[in-house]
Amino acid sequence: MNLRKTLRTFSTGLTVRGRAFLSAGLASVAAAIVLSYPPLLRIGVLLTVLPIIAAIITGASRYRISCRRVLQPARVPVGSSAQVHLRLQNAARLPSSTLLVEDRLPYTLGSRPRFILRRIEPGGNRRVAYRIRSEHRGRFEIGPLTLRSADPLGLFELSRSFTAQHTLTVVPRVQPLVAGTLGALWSGRGEGHAAYAAAAGEEDIGVREYRHGDDLRRIHWRATAHHGELMVRREERTWHSRCTILVDSRAGAHRGTGPAASYEWAVSAAASTAVRLSTGVGGGLIPAEDQDTVLDALAVVKPVNVAALNLDDFSETGSGTLGGNDLLVIAFLGELGPADAAELARARPGTAGGVAFLLETGTWSGPSSRRVERHTFKESARILRAGGWQVVPVGATDDFAELWRLAGHHDFAGSRSSAPLAPSIAPATPTEPISPTNGAAT
């Protein structure tokens, strides 16, 4: 078995030059025996032995090269570069032969980097580095690294693949967003807090219904009289706000391809929103490591082939009401039909603020279908506004940071939409940053 494996390794490791030497040597030996010509026999033996010696020398050092890869950083936004550092060390007592180093990469990150290392002395090391960049979101495996070593005459070469791999996570591009009405509403301060107090009553902000075992000293008599049942003060402030962020992930609701697709615009906007709300007015409620978790989830989200929105995953009771008791619901929507718009209008909680960034997907496609899609877009926007949503029209050339600023100040001068704006955001309480659902959002 070992002999068979050795012969297989020898056969596959021979280069074209090595095979030519071996064939010429065997032919010379055979001719020398037939012709009884000793000088030709010596030449044949030499030609035959050279590839064998080359295989022995190359094979003796092939498992004495160690490799270490460092990826900096391991998480980058779309369009940004990462640096890959390779360190190769010769642990053998003899200098290495010439090495061809090749690192395996997905095609999205570019062509495979190749380096030639002429010689590594015993105990020495060599460092090489290269840059990678992706215009697409996702997780990409880097490696394994492959080494090809050959003898000085180029008669025999061996390949060795290391097992170590590293993962590069390419997250959506995050835009810096300004603080405004949306940020104040999220944090429970300023105008947003005042709006909620006006809608729910300041005395109701920190109370809940009485439960068996509650301390009677915590009874809030004013709230009890208001509600007609025993109410107690909460032990903690309730202004640790939550917000539901929806991304319409239906493949048929978006237009365009690659990084310029409408779906990529929506994912990037959702990422920017999640980061802004977690670090905005009043201090962030999502730690940095949890922000990374949100961005990592958005890095791999993909459109799904479903026709209708499914909002059940965003309802605490499965009733189709978005966000439960959330203070704010922000939706990034692709192409909506009147039926989908009506479902969203019904799903918005009566006490929650709803902001819908409605993508006019016709601007991402050719002009031929834009007229028909424009009519559908206007009708869907009208239905959402009638249901209490604040609708922000979005075109292919729009900058989300500017739309966010306008949404926060209710200032849509110069907007493509001529329909009237929805009233100020109605408040509520709580949020989950981003969670995938079957076709509706992420």
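Accessible areas here come from the Shrake-Rupley method with a 1.4 Å probe. With that in hand I looked up the surface of this predicted model, and I noted that the protein exposes about 22,400 Å², of which carbon and sulfur atoms supply 55%.

**Overall make-up.** I counted eleven helices and 16 strands in the protein, and I found that buried residues make up 46% of its 442 residues. Turning to contacts with a separation of 6 or more, I noted that residues 24 or more positions apart account for 72% of them.

**Confidence.** Before going into detail I checked the pLDDT, whose mean over the protein is 78, with 75% of the residues reaching 70 or more. Confidence is highest in strand 10 (residues 166-171), at a mean of 96, and lowest in helix 5 (residues 190-200), at 44. Over residues 186-204 the pLDDT stays under 50, and for this stretch the model has 43 contacts beyond four places in sequence. I also marked residues 411-442, where the pLDDT is below 50 and where the model has 122 contacts beyond near neighbours in sequence.

**Nonpolar patch.** Which residues form a nonpolar patch on the surface? I listed Ile33, Leu41, Val45, Val49, Ile53 and Ile57, which together have about 500 Å² of accessible area. Helix 3 (residues 38-61) gives the largest share of the patch, five residues, while Ile33 lies in helix 2 (residues 16-35). Because exposed means over 50% relative accessible area, Ile33 counts as exposed at 59% relative accessibility.

**Helix 9.** In helix 9 (residues 338-347) I found Asp340, Ala341, Leu344, Ala345 and Ala347 to be buried. Seen down the axis of helix 9, these buried residues fall within an arc of 165 degrees, so they line one face of the helix. On the face of helix 9 turned away from the buried side I noted the exposed residues Ala339 and Arg346.

**Ser268.** I next looked at Ser268, which is found in helix 7 (residues 262-279) and is buried, with a relative accessible area of 16%. Leaving aside residues up to four places away in sequence, Ser268 touches Pro172 and Arg173.

**Salt bridges.** The structure holds 14 salt bridges, and I followed several of them individually. Arg133 pairs with Glu135 in a salt bridge whose closest N and O atoms are 3.0 Å apart; Arg133 is partly exposed at a relative accessible area of 45%, and Glu135 also counts as partly exposed, at 33% relative accessibility.

For Arg137 and Glu264, which form another salt bridge, the closest N and O atoms are 2.7 Å apart. Arg137 lies in the loop between strand 6 (125-133) and strand 7 (138-142) and Glu264 in helix 7, so the pair ties together parts that are 127 residues apart in sequence. Arg137 counts as buried at 12% relative accessibility, whereas Glu264 is partly exposed, with a relative accessible area of 22%.

I then turned to Arg374 and Glu360, whose side chains meet in a salt bridge at 3.1 Å, N to O. Arg374 lies in helix 10 (residues 370-386) and Glu360 in the loop between strand 15 (353-359) and helix 10, so this pair ties together parts that are 14 residues apart in sequence. Glu360 counts as buried, at 6% relative accessibility. My last entry is a network in which salt bridges that share partners join Arg75, Asp292 and Asp296.

Key:
Residues are numbered from 1 along each chain as its sequence is written. This is a predicted model: local features need pLDDT of at least 70, side-chain atom pairs count only at pLDDT 80 or more; totals for chains, interfaces and linings use all residues. Side-chain values use heavy atoms; hydrogens and water are left out. Buried means under 20% relative accessible area, exposed over 50%, partly exposed in between (1.4 Å probe, protein chains only). Helices (H or I, at least four residues) and strands (E, at least two) are DSSP runs, numbered from the N terminus. The arc is that of the directions from the helix axis to the C-beta atoms. pLDDT is the predictor's confidence in each residue, from 0 to 100. Contact means heavy atoms within 4.5 Å. Patches are made of residues with over 30% relative accessible area and no salt bridge: like charges are joined within 9 Å, nonpolar side chains (Val, Leu, Ile, Met, Phe, Trp, Tyr) within 5 Å. A salt bridge is a side-chain nitrogen of Lys or Arg within 4 Å of a carboxyl oxygen of Asp or Glu.
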